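Welcome! Take a moment to look over the sequence and the 3D view, and then we will walk through them together.

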Amino acid sequence: MKKGFSDKMEIALILAGLFVCALAYVLFEKTVMSVWMLVFVFCIGAVVMSPLLGRRWSWVDDCDSGGWFTVVWCAIFTGLMSVSLFVIANYYVPFPGCCVYSEEVYVEKKTMEPHRKTHRVGKHRYVSDGVYYEYCLEVVFNDGTRSTVSVPHATYYHARQGGKVELKLRKGIFGFVVLSL
């Protein structure tokens, strides 16, 4: 295989992987799922897919024998892709026969996280343009699950610490709850 083609494929693969991982991160924030489940899916994806795809990844480091770099690269990439596709599928594919439902949850804590806004004024210069806030609620669901949820300002405004707030939820294909705000 030509070296130029291999380099372009590596870059395209890395960019596609970064895009899928970024999308999964954004969707994970709207999913009620513990991190240990993602670690479990990562390990299963890496252990199952690496032996099957290991020899096909030799173009990454341009060696025919499939050295340790190829195996590590394949394990990390397949693990990340399995986690990302797991989260994306759970978010976009609803559980069969399940629809959006409302649930009252207990609000443990309210937080406003400030983020700086900037705008570009030159080729390499950005200046401050104020602050915007991300409104978060730390909630406890009826089954005892705890989660930090990013909510719109109206929901944040009506929620009281120690009180209850109603959230719209649905189940994903793997049974994990997804917020439908």
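## A phenylalanine pair

F174 counts as partly exposed, because its relative accessibility is 43% (buried means under 20% relative accessible area, exposed over 50%, and partly exposed in between, with a 1.4 Å probe and protein chains only). F86, by contrast, is buried, with a relative accessible area of 13%. Before going on, note that this is a predicted model, where local features need pLDDT of at least 70, side-chain atom pairs count only at pLDDT 80 or more, and totals for chains, interfaces and linings use all residues. Residues are numbered from 1 along each chain as its sequence is written, and side-chain values use heavy atoms, with hydrogens and water left out.

How many aromatic pairs are there? The count comes to four, where rings of Phe, Tyr and Trp (its six-membered ring) pair if their centres lie within 6.5 Å, and planes under 30 degrees apart count as stacked, over 60 as edge-to-face and the rest as tilted. F86 and F174 make a stacked pair, because their ring centres are 4.5 Å apart and their planes are at 20°. This pair links distant parts of the chain: F86 is in helix α4 (residues 68-92), while F174 is in the loop between β5 and β6 (177-179), 88 residues apart. Helices (H or I, at least four residues) and strands (E, at least two) are DSSP runs, numbered from the N terminus. Ring pairs also bring F176 into a cluster with F86 and F174.

## A tyrosine pair

Now meet Y135 and Y156. Their ring centres are 4.9 Å apart with planes at 40°, so this pair is tilted. Y135 belongs to strand β3 and Y156 to helix α5 (residues 153-158), so the pair ties together parts that are 21 residues apart in sequence. Is Y135 buried or exposed? Y135 counts as buried, at 16% relative accessibility, and Y156 counts as buried at 11%.

## Charges over rings

For a charge to sit over a ring, NZ of Lys or CZ of Arg must be within 6 Å of the ring centre and within 35 degrees of the ring normal. R170 lies over the face of Y91 too, at 5.4 Å from the ring centre.

## The sheet

Strands of a sheet pair through backbone hydrogen bonds, either parallel or antiparallel. Here, six strands form an open sheet in the order β1-β6-β5-β2-β3-β4, with antiparallel pairing (two strands pair if DSSP finds at least two bridges between them). Because β1 (31-32) and β4 (146-151) stand at the edges with a single partner strand each, one side of each has no neighbour in the sheet.

Strand β2 (residues 101-120) is joined to β5 (residues 164-171) by six bridges, and V105 has V165 as its bridge partner in β5. With β3 (residues 126-140), β2 pairs over 13 bridges, and these two strands form a hairpin with five residues between them.

## A threonine in a helix

Finally, T78 is found in helix α4. T78 is buried, with a relative accessible area of 9%. Its side chain reaches the backbone oxygen of A75 at 3.3 Å.

How values were computed. Polar contact = N/O pair within 3.5 Å; in protein donor to acceptor, adjacent residues only side chain to side chain.
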